[in-house]
Amino acid sequence: MRPKVIVNLAMSADGKIALPDRTEVKISGEEDFARVHCLRHEADAILVGSGTVRADDPKLTVKERFIKKPEHPLRVVLDSKGDIPKDARLFDDDNYLIATTVESDDPHWVKCGDGERVDLHELMNELQRRGIKKVMVEGGGEVIHSFFEEDLVDEYNVYVGSLIIGGAKAPTPVDGKGALTKDDIKHLKLVSHTLMDDGVLLKYRVKK
Ligand SMILES: NC(=O)c1ccc[n+]([C@@H]2O[C@H](COP(=O)([O-])OP(=O)(O)OC[C@H]3O[C@@H](n4cnc5c(N)ncnc54)[C@H](OP(=O)(O)O)[C@@H]3O)[C@@H](O)[C@H]2O)c1
């Protein structure tokens with residue numbers, strides 16, 4: 001069975017996840033950070049796209065402030081050409097995997113497909129082979145769109161912060177080309193809503 005995929009992100013009350021120039025914005029607070037780090041800790045892998053690494057340079061680890069002596073999940077980045085900066089913070093230790101479309105002898109690289117972008121089904125097979133059962137997808141909008149497009153999302157968690165970012169070009173939780181026809185729309189079932197910090201966490205199951 002392929003790994004379970006949980007998408008988790010934070011957006012503003014107007015559905016934006018960063019400034020129009022892709023600069024990161026603090027959208028939630030301590031309570032939500034604690035929840036995110038617990039979710040990371042429960043996952044076997046955390047996955048982001050190269051765009052998020054370039055924009056935010058995240059560490060993608062579990063903070064000891066939230067979980068004592070954490071076991072850090074595998075950090076996976078989708079980087080088709082394998083050209084994200086090697087001083088990115090997610091490379092701080094050896095526990096990472098770069099999913100690409102190019103051959104390499106580097107044991108941290110895995111080639112998934114021959115297309116322009118990483119083939120997500122091949123990547124899921126590879127992660128399954130490595131014993132990964134739960135993957136947390138943390139963004140950004142392009143990557144989340146691809147996971148929905150390939151029908152690979154099981155759960156969608158979105159924290160809605162009490163702020164407006166605005167701007168037609170500011171990234172949203174699910175970017176890409178979006179639904180072009182009504183048949184392309186993805187349907188969700190709201191599972192829970194929880195007030196947290198000064199916002200609300202919405203948890204959805206994706207209808208298959
Ligand atoms: N608020 C939040 O919760 C949150 C969380 C994360 C990110 N963000 C924000 O999101 C923004 C970055 O999002 P983004 O959409 O620009 O970038 P992204 O989704 O992180 O990465 C997209 C890139 O991943 C690579 N990629 C490889 N295979 C792919 C595939 N199958 N599908 C999609 N992408 C694939 C492509 O680049 P290559 O061709 O170079 O491989 C693509 O351009 C930043 O502004 C960041 O601050 C917000």
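Guide: Gladly! α2 gives the most to the shell around the ligand, namely five residues. The names for helices (H or I, at least four residues) and strands (E, at least two) come from DSSP runs, numbered from the N terminus. Please keep in mind that this is a predicted model: local features need pLDDT of at least 70 and side-chain atom pairs count only at pLDDT 80 or more, while totals for chains, interfaces and linings use all residues. Residue numbers start from 1 along each chain as its sequence is written.

Visitor: How many residues surround the ligand, and which are the closest?

Guide: A residue belongs to the surroundings if its C-beta atom, placed from the backbone, lies within 6 Å of the molecule. Here 30 residues surround the ligand, and the closest are Ala18, Gly49, Gly51, Gly139 and Gly140. The elements that supply two or more residues to this shell are β1 (4-11), β2 (45-49), α2 (50-56) and α4 (141-149).

Visitor: Let's follow β1. Why is it described as largely enclosed?

Guide: Start with a count of neighbours: a residue is buried if 20 or more other C-beta atoms lie within 10 Å of its own, exposed if 12 or fewer, and partly exposed in between, with C-beta atoms placed from the backbone. In β1, six of the eight residues are buried, so the rest of the structure largely encloses this strand.

Visitor: Which strands does β1 pair with?

Guide: Strands pair if DSSP finds at least two bridges between them. β1 runs parallel to β6 (residues 134-137), with four bridges joining the two. There, valine 5 is bridged to valine 135, and isoleucine 6 to methionine 136. β1 is also parallel to β7 (residues 155-160), through six bridges, and asparagine 8 stands opposite asparagine 157 in β7.

Visitor: And where does β2 come in?

Guide: β2 and β6 run parallel too, joined by three bridges. Alanine 45 is opposite valine 135 in β6, and valine 135 is also the bridge partner of valine 5.

Visitor: What is the strand order of the sheet?

Guide: The sheet is open, has nine strands and mixed pairing, and reads β5-β4-β3-β2-β6-β1-β7-β9-β8. At its edges are β5 (109-111) and β8 (188-196), each of which pairs on one side only.

Visitor: Now the helices. Which residues of α3 are buried?

Guide: A general idea first: an α-helix has 3.6 residues a turn, so residues three or four places apart point the same way. The buried residues of α3 are Leu120, Leu123, Met124 and Leu127. Seen down the helix axis, they fall within an arc of 100°, so they line one face of α3. That arc is taken from the directions that run from the helix axis to the C-beta atoms.

Visitor: What does that face pack against?

Guide: Contact here asks for C-beta atoms, placed from the backbone, within 7 Å of each other. By that rule, the buried residues of α3 pack against β2, β4 (96-100), β6 and α4.

Visitor: Where is arginine 22 found, and what is its phi?

Guide: Arginine 22 lies in the loop between β1 and α1 (30-42). Its phi is positive, about 75°, although it is not a glycine. Arginine 22 is partly exposed, with 17 other C-beta atoms within 10 Å.

Visitor: And which residues does the cis peptide bond join?

Guide: Glycine 139 and glycine 140, with omega about -5°. Glycine 140 is in the loop between β6 and α4. That brings us back to the ligand: Gly139 and Gly140 are among the closest residues to it.

Conventions:
Contact = placed C-beta atoms within 7 Å.
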